[in-house]
Amino acid sequence: MTISWDILLRLLVGGLMGALIGAERELRAKEAGIRTHLLVALGSTLFMIISLYAFTGSDHFDASRVAAQVVSGIGFIGAGTIIFQKNVIRGLTTAAGMWVTAAIGLACGAGMYVEATATVILSILCLEVVHFINLKYGHRKVSMSFRTLSTAHVQKVLDALTREKLSISDYSMTNLPEPETGYRAEIKVTVRSDQYIKTVMDILGSIDGVTIETLE
């Protein structure tokens, strides 16, 4: 009975710690949130418990065998959160967080509560501190597309972006099909993270004859 209550405690603590990391990811509107991280931690906790107790009577008992498969197996789930879109890779941090969550679950399954708690605290601190630094001092790529009747307007946008010292990494312009007339321009620029929407919106809004289609 003592082992049963101990196992239940390990499962509860493992799930809770996974949910804490998932909550931070969900607050940032990332691909995997509370439920995903909770299940990853809960599953890895149970795998560790199985490793420790399910095969103790075997002649070839090895407590690390099942746990080792979790380390490699979690990569399949993590890969599912990584998205390659418009030449930008998204989801790497969330995938790494799920990998750490699996490790936390294994630690809880082994009864290493102090180590697991320390890892959760350090993980959340790392995510939040780096996020704050990126917002204040980091840069990000912004993709925009807009319609205009004249190539002169496109050149005005390019000149305005250059004056603001925004780095243009990609640019293309196509003729609009009938019955539409004019041109569609797609531009990618690098902007300070704390002002990327305002800066780009101000530039595009200051030029007559430009109709914004997308901005992300």
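**Contacts, burial and helix packing**

Mentor: Let's start with Ser-123, which is in contact with Ile-21 and Val-100 once its neighbours within four places in sequence are left aside. Contact means heavy atoms within 4.5 Å. The model is predicted, so local features need pLDDT of at least 70 and side-chain atom pairs count only at pLDDT 80 or more, while totals for chains, interfaces and linings use all residues. Residues are numbered from 1 along each chain as its sequence is written, and side-chain values use heavy atoms, with hydrogens and water left out.

Trainee: Is Ser-123 buried or exposed?

Mentor: Buried means under 20% relative accessible area, exposed means over 50%, and partly exposed is in between (1.4 Å probe, protein chains only). Ser-123 has 15% relative accessibility, so it counts as buried. Ser-123 lies in helix α5 (residues 113-137); helices here are DSSP runs (H or I, at least four residues), numbered from the N terminus.

Trainee: What is His-37 in contact with?

Mentor: Beyond its neighbours within four places in sequence, His-37 is in contact with Gly-18, Ile-21, Gly-22, Arg-25, Ala-32, Thr-94, Gly-97, Met-98 and Thr-101. His-37 is found in helix α2 (residues 34-53) and is buried, at a relative accessible area of 0%.

Trainee: How do α2 and α3 pack?

Mentor: Axes are lines fitted to C-alpha atoms, for helices over the stretch in contact, and angles run from 0 to 180 degrees between N-to-C directions. For α2 and α3 the angle is about 155 degrees, with the axes 8 Å apart. The two helices are therefore roughly antiparallel to each other (over 145 degrees; under 35 is roughly parallel, 65 to 115 roughly perpendicular and the rest oblique). Val-40, Ser-44, Phe-47, Met-48 and Ser-51 in α2 meet Val-66, Ala-67, Val-70 and Ile-74 in α3.

Trainee: Which residues of α3 meet α4?

Mentor: From α3, Ala-67, Val-70, Val-71, Ile-74, Ile-77 and Gly-78 meet Ala-95, Met-98, Trp-99, Ala-102 and Leu-106 in α4. Helix α3 covers residues 64-80 and helix α4 residues 92-109, and they pack at about 155 degrees with their axes 9 Å apart.

Trainee: How many disulfides does a search of the whole structure find?

Mentor: A disulfide is a pair of cysteine sulfur atoms within 2.5 Å, and the search finds 0. Cys-108 is buried at 0% relative accessibility, whereas Cys-126 counts as partly exposed at 46%.
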